[in-house]
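Hi,

Here is the structure I said I would pass on.

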Amino acid sequence: MDIDIRGPRFGAALTSVVLAAVLLTGSGTLLAWQALCFALGAFAGTGRSPYGRLFRRVICPRLGPPVEFESPTPPRFAQAVGLGFALLGLVGYFWGPQWLALTATGCALAAAFLNAVFGYCLGCEAYLLFRRTTVGLR
């Protein structure tokens with residue numbers, strides 16, 4: 001079943017705020033929260049992540065019915081990529097080096113910001129590229 005494209009974009013906006021706060025405060029605990037959100041989005045689906053639930057229950061009813069839909073698979077892949085960067089950031093925040101924490105968090109923030117502001121999902125595009133290259137190998 002396809003999903004409303006506004007949901008992942010809303011999640012990316014909240015993710016951008018959280019990751020910016022992580023960079024400003026240096027809070028590994030806040031990054032752990034974001035990693036949990038990424039994990040739920042990747043493994044349970046974007047609609048079951050905290051941001052997806054918030055969108056579905058609070059925001060979506062105020063926006064009206066969706067007019068555009070997308071497959072849930074690319075956003076789930078994007079959540080998995082975000083999880084990878086968040087986990088790298090956690091390693092940096094809790095065990096070092098600090099540059100790893102800042103770089104990984106900054107990369108995740110850049111990707112989330114692109115999706116939130118411009119509707120360009122880097123993780124989704126990576127998924128599509130991956131699919132094109134692996135389908136050609138069969």
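Predicted model: local features only at pLDDT ≥ 70, side-chain atom pairs only at ≥ 80, totals over all residues.

**Salt bridge**

The count comes to one salt bridge, taking that as a side-chain nitrogen of Lys or Arg within 4 Å of a carboxyl oxygen of Asp or Glu. Residues are numbered from 1 along each chain as its sequence is written, and side-chain values use heavy atoms, with hydrogens and water left out.

The pair is Asp-4 and Arg-6, whose closest N and O atoms are 2.8 Å apart. Asp-4 counts as buried because its relative accessibility is 12%, whereas Arg-6, at 25%, is partly exposed (buried is under 20% relative accessible area, exposed over 50%, partly exposed in between, with a 1.4 Å probe and protein chains only).

**Surface patches**

Arg-48, Arg-53, Arg-56, Arg-57 and Arg-76 gather in a patch of positive charge on the surface. Patches are made of residues with over 30% relative accessible area and no salt bridge, joining like charges within 9 Å and nonpolar side chains (Val, Leu, Ile, Met, Phe, Trp, Tyr) within 5 Å. Lys and Arg count as positive, Asp and Glu as negative, and His and the chain ends are not counted; a charge is placed at NZ of Lys, CZ of Arg, CG of Asp or CD of Glu. Areas come from the Shrake-Rupley method with a 1.4 Å probe, and for residues only the protein chains shown count as cover.

Helix 3 (residues 50–63) gives the most to the positive patch, with three residues. Helices (H or I, at least four residues) and strands (E, at least two) are DSSP runs numbered from the N terminus. Arg-53 sits in helix 3 and is partly exposed at 32% relative accessibility.

There is a nonpolar patch too: Phe-113, Val-117, Phe-118, Tyr-120 and Leu-122, together about 490 Å² of accessible area. Helix 5 (residues 98–118) gives the most here, with three residues.

**Helix 4**

Helix 4 (residues 73–95) has 23 residues and reaches 33 Å from its first C-alpha to its last, close to the 33 Å expected at 1.5 Å a residue (1.5 Å times one less than its number of residues). Its buried residues include Pro-74, Gly-82, Leu-83 and Tyr-93. Just after helix 4, Gly-96 takes a positive phi of about 90°.

Cheers
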